[in-house]
Amino acid sequence: MSTVAVEATPTLPEVHYLNADYGWRSWLFTTDHKRIAWLYLFAITGFFAVGGLMATLMRLNLVEPQGLLMQPSSYDKLFSAHGLIMIFFFLAPSIPTVLGNFLIPIMIGARDVAFPKLNLLSWYIFMTAGTVFMLAVIRGGVDTGWTFYTPLSTTYANGHVLSAAVGIFISGFSSILTGLNFVVTIHKMRAPGMTWFRLPLFIWALYATSVIFILAMPVIAITLALIALERVFHVGIFDPALGGDPVLFQHLFWFFGHPEVYILILPSMGVMSELVAAGCRKRIFGYSFVAFSSVAIAAISFMVWGHHMFLSGQSLYAGFVFSALTFAVAIPSAIKVFNWTATMHKASVSYDTPMLYAIGFIGLFTIGGLTGLFLGSLGTDIHLHDTYFVVAHFHYIMVGGAIMGYLGGLHLWWPKMTGKLYPEAWARFACLLIFAGFNLTFGPQFILGYMGMPRRYSVYPPEFQVLNVMSSAGASILALGYFIPLIYFTWSAFKGPIAGPNPWGAKGLEWTIPSPPPTNNFDETPIVTEEAYAYGPQEAHVG
Amino acid sequence: MYMMWLNFPGQPPQASTFSVEWDYLYYFLTALTIFFSALIFIVIFYFAIKYRRRDKNEVPPQNEGNLPLELTWTIIPTLICVFVFVWSAQLFIRASSPPASATEIFVVGKQWMWKIQHPEGPREINQLHVPVHVPIKLTMTSEDVIHDFGVPAFRIKRDVVPGMYTTEWFEATETGQFHLFCDQFCGMGHSTMVGTIFVMSQEDYARWLASQLNSKPMFVSGERLFQQLGCNTCHTPEGKTGVPPLEGLYGSEVKLQNGKTVVADDAYLRESILGPEAIVGYPPTMPTYQGQMDEEDVLQLIAYVKSLGPSGERKATKQ
């Protein structure tokens with residue numbers, strides 16, 4: 001058995017990217033990918049707090065069957081804004097723009113992304129989009145749900161549909177530019193010797209995500225523009241009263257919308273591979289299967305949109321095709337889960353916070369994925385469609401999967417980003433709290449859905465109360481769980497113990513440079529001579 | 001509060017033939033989910049404990065992966081998926097094919113209420129009375145936005161889309177009262193767009209129908225509309241040149257101007273009444289009635305045309 005040396009008394013480097021320059025200009029006009037990552041981190045943490053607060057208010061309202069707090073119209077605006085903020089202003093940017101921005105150049109041995117100024121522009125576009133959208137929310141909000149279904153959104157909704165749509169429209173350009181930047185960076189900026197099959201699996205996942213960004217985001221932009229055309233100029237596109245077709249909107253929306261779902265989860269799968277490898281000090285089992293499953297997911301994700309429309313008046317045969325393709329996209333996800341699990345076999349499994357998040361991810365993602373089968377199969381979808389079962393399913397993927405992955409990644413690379421350690425005990429406690437609170441929040445919603453409670457109801461029949469109360473209780477635990485890391489990360493940034501370059505004894509180029517890294521990442525361009533996760537000799541047999 | 005816990009919900013009522021079939025697949029998928037989740041959980045916890053890091057500097061032996069293992073966990077899930085796909089597709093076909101003998105009832109969704117019309121005449125709002133053990137086919141459309149007619153106790157649900165007819169069917173097996181929910185978000189009143197399905201014994205249902213005073217059969221109301229709107233000036237019983245005869249039209253095959261042949265069903269008639277400029281197979285001399293009548297009127301006119309069929313019988317409509 002070989003060993004790695006974990007440094008005993010680490011010290012901070014004298015000059016690094018955080019103290020190389022001071023003043024607000026050095027941040028707001030920076031082209032350093034690491035500083036841009038921080039700009040995004042602050043922005044999306046704000047959006048997450050707002051979106052989370054909205055979820056808390058919704059859960060509070062649902063404690064009483066008649067609604068505890070608010071009028072139905074306020075509730076409608078809350079769940080619409082919650083969905084839009086979480087999807088477009090938190091989850092979609094979360095891992096790509098924070099961890100991706102920080103890590104992609106470092107992991108492939110580059111000094112920055114391919115287009116540093118474009119990278120900063122992406123952030124400004126994102127902030128413009130967020131501002132426009134939040135103004136729409138403050139001025140009265142939008143009450144169409146995040147899906148903008150027509151003709152509700154084009155003819156009947158009274159909210160600020162247009163300004164909200166403009167916000168989403170703009171945010172798409174930020175994602176497109178980020179995706180473009182990453183694709184070019186990964187193609188052209190790899191260090192000598194960093195071949196495709198030596199790339200960390202995080203890079204494969206973000207590459208697949210970036211391709212989806214570039215292909216899917218224009219579709220939502222076009223679709224929102226068509227909504228504006230119909231809403232403002234009454235051009236009949238979607239409203240049958242004007243000669244349009246409401247189901248056409250759903251085709252366009254979900255042609256974007258389902259790939260978008262994979263934009264949210266693929267990066268988290270990439271983080272997972274890094275968490276498991278570092279937490280087990282082991283090469284990921286079946287590296288090429290995990291890598292190609294990311295590509296397969298990205299490709300198939302564009303061909304499953306109709307599974308949102310089994311009951312929408314779509315033809316029976318279209319339903320068969322979309323259902324079959326949906327099963328096809330489930331297989332690569334299952335392959336990933338099996339490979340992560342197999343990596344733990346005969347490993348050195350750490351109980352540090354990042355690995356705890358990884359274990360939590362595998363469990364919750366497994367449940368989320370399997371319950372997806374209920375909705376992807378034509379027959380079972382009939383009764384469960386548009387119920388709380390759907391809400392529970394996608395929160396197991398989006399919160400149980402995507403956010404667990406994001407938080408796990410944040411914990412793994414926090415020492416790299418700040419050069420400081422966080423309090424391990426608090427972090428483990430918060431992780432357990434999030435896991436427990438999450439399951440209490442969304443577990444009962446599966447039963448609610450089977451009982452038939454429709455989603456997006458602000459009032460409901462009294463027999464659903466007990467499950468709603470359980471869910472709301474879970475949400476308060478979950479909220480507390482998310483609050484704790486905010487406190488200890490802030491503390492750690494200023495007062496945390498010094499981490500040193502490689503506190504986890506992990507492999508990867510990012511762990512070979514100081515923490516925090518220098519502005520140029522590498523003093524000399526690294527030359528890569530080994531595969532990712534080269535923790536020891538291959539195929540070693542130790543008794 | 002205490003009562004709340006006594007009524008801890010487990011399963012919605014199983015009150016239709018379909019609900020039983022549906023629940024079998026649901027149980028199977030639930031068992032599958034529990035089995036695989038438990039398998040993964042147990043393996044993870046076993047590995048996490050057995051192979052826990054015992055020394056902070058230790059590095060375990062490495063391995064590359066294992067092709068037979070990869071193939072195993074690709075092929076087994078694929079086979080399970082194929083099995084579930086076939087089972088659930090059959091279930092979906094059954095849910096989408098109402099028996100030819102089904103009694104037809106008409107549903108119009110409107111922000112935020114359900115308007116129901118029985119062919120015999122009674123009209124209801126947010127209530128639907130049906131007899132037990134009789135297959136019922138619902139033909140549905142919307143006046144405004146997309147709604148969705150879902151009855152959890154029957155495990156049925158289908159979007160109600162403006163501009164087109166969608167259908168669903170059920171055969172109730174239990175008498176009683178069951179929830180009707182709008183399942184597609186339709187604006188401010190969405191969560192109050194709910195109603196009750198009253199499943200009655202066949203005798204009670206007959207008595208209920210008879211007790212609905214002042215209700216004329218739908219085709220009679222349709223005939224009156226037909227006259228009020230002046231349809232009868234062109235569509236005369238003798239027939240005029242360029243005007244299609246309505247007798248025997250319903251259920252017959254019509255040749256369109258683009259050469260295709262369609263069956264003159266509800267959707268075809270609706271299209272012909274509201275949008276004559278659409279491909280209906282005749283010169284577009286008829287003005288459009290879009291905006292001049294609501295969806296319930298259209299359904300009554302269709303019922304009238306239907307009553308003019310050669311045998312006056314209901315034929316299976318294809319959607």
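Here are some notes on this predicted model of chains A and B.

1. Confidence first. The predictor gives the complex an ipTM of 0.91 and a pTM of 0.92. Chain A averages a pLDDT of 93, with 97% of its residues scoring at least 70. Over residues 539-543 of chain A, though, the pLDDT is below 50, and this stretch has seven contacts in the model beyond near neighbours in sequence. For chain B the mean is 87, and 91% of the residues reach 70 or more.

2. Where to be careful in chain B. Helix 1 of chain B (residues 2-6) has the lowest confidence in that chain, with a mean of 53, while strand 6 of chain B (residues 147-151) has the highest, at 97. Residues 311-319 of chain B stay under 50, and the model has twelve contacts for them beyond four places in sequence. Where pLDDT is low, the predicted coordinates should not be read in detail.

3. Overall build of chain B. You'll find seven helices and twelve strands here. The C-alpha trace of chain B spans about 95 × 55 × 35 Å along its principal axes. Its radius of gyration is 27 Å, against the value near 20 Å that a compact globule of 319 residues would have. Buried residues account for 38% of the chain. Taking contacts in chain B between residues at least 6 apart in sequence, 69% join residues at least 24 apart.

4. The contact between the chains. It takes 93 residues from chain A and 76 residues from chain B. On the chain B side, the elements giving two or more residues are helix 1, helix 2 (17-50), helix 3 (67-96), strand 6, strand 7 (156-160) and strand 9 (176-182) of chain B. Helix 3 of chain B gives the most, with 15 residues. By class, this side has 42 nonpolar, 21 polar and 13 charged residues.

5. The core. The largest nonpolar core has 251 residues, and A:I203 and B:V107 have the most contacts inside it. Helix 3 of chain A gives the most to this core, with 21 residues. Leaving aside residues up to four places away in sequence, B:V107 touches B:W114, B:I116, B:L138, B:M140, B:F149 and B:V160.

6. Helix 4 of chain A. This one covers residues 116-138 and reaches 33 Å from its first C-alpha to its last, close to the 33 Å expected. Its buried residues include A:N119, A:W123, A:F126, A:G130 and A:F133. An α-helix has 3.6 residues a turn, so residues three or four places apart point the same way. The buried residues of helix 4 pack against helix 2 (33-61), helix 3 (72-107) and helix 6 (161-188) of chain A. Just after helix 4, A:G140 takes a positive phi of about 145°.

7. Most residues other than glycine have a negative phi, and most peptide bonds are trans. A cis peptide bond joins A:T150 and A:P151, with omega about -5°, and A:P151 sits in the loop between helix 4 and helix 5 (152-156) of chain A. The bond from B:Q111 to B:W112 is also cis, with omega near -5°; B:W112 lies in the loop between strand 1 (103-110) and strand 2 (113-117) of chain B.

8. A:H234 has phi near 55° and is found in the loop between helix 7 (201-233) and helix 8 (246-280) of chain A. A:K346 has a positive phi of about 50°, in the loop between helix 10 (316-343) and helix 11 (353-376) of chain A. Buried or partly exposed? A:H234 is partly exposed because it has 13 other C-beta atoms within 10 Å, and A:K346, with 17 C-beta neighbours inside 10 Å, also counts as partly exposed.

Methods. Residues are numbered from 1 along each chain as its sequence is written. Chains are lettered from A and ligands numbered from 1 in the order in which they are written. This is a predicted model: local features need pLDDT of at least 70, side-chain atom pairs count only at pLDDT 80 or more; totals for chains, interfaces and linings use all residues. Helices (H or I, at least four residues) and strands (E, at least two) are DSSP runs, numbered from the N terminus. The radius of gyration is taken over C-alpha atoms; the globule rule is 2.2 Å times the number of residues to the power 0.38. A residue is buried if 20 or more other C-beta atoms lie within 10 Å of its own, exposed if 12 or fewer, and partly exposed in between; C-beta atoms are placed from the backbone. Two residues are in contact if their C-beta atoms, placed from the backbone, lie within 7 Å. The expected span of a helix is 1.5 Å times one less than its number of residues. A nonpolar core is a set of buried Ala, Val, Leu, Ile, Met, Phe, Trp, Tyr and Cys residues joined through C-beta atoms within 7 Å. pLDDT is the predictor's confidence in each residue, from 0 to 100. Ala, Val, Leu, Ile, Met, Phe, Trp, Tyr, Cys and Pro count as nonpolar, Asp, Glu, Lys and Arg as charged, and the others, Gly among them, as polar.
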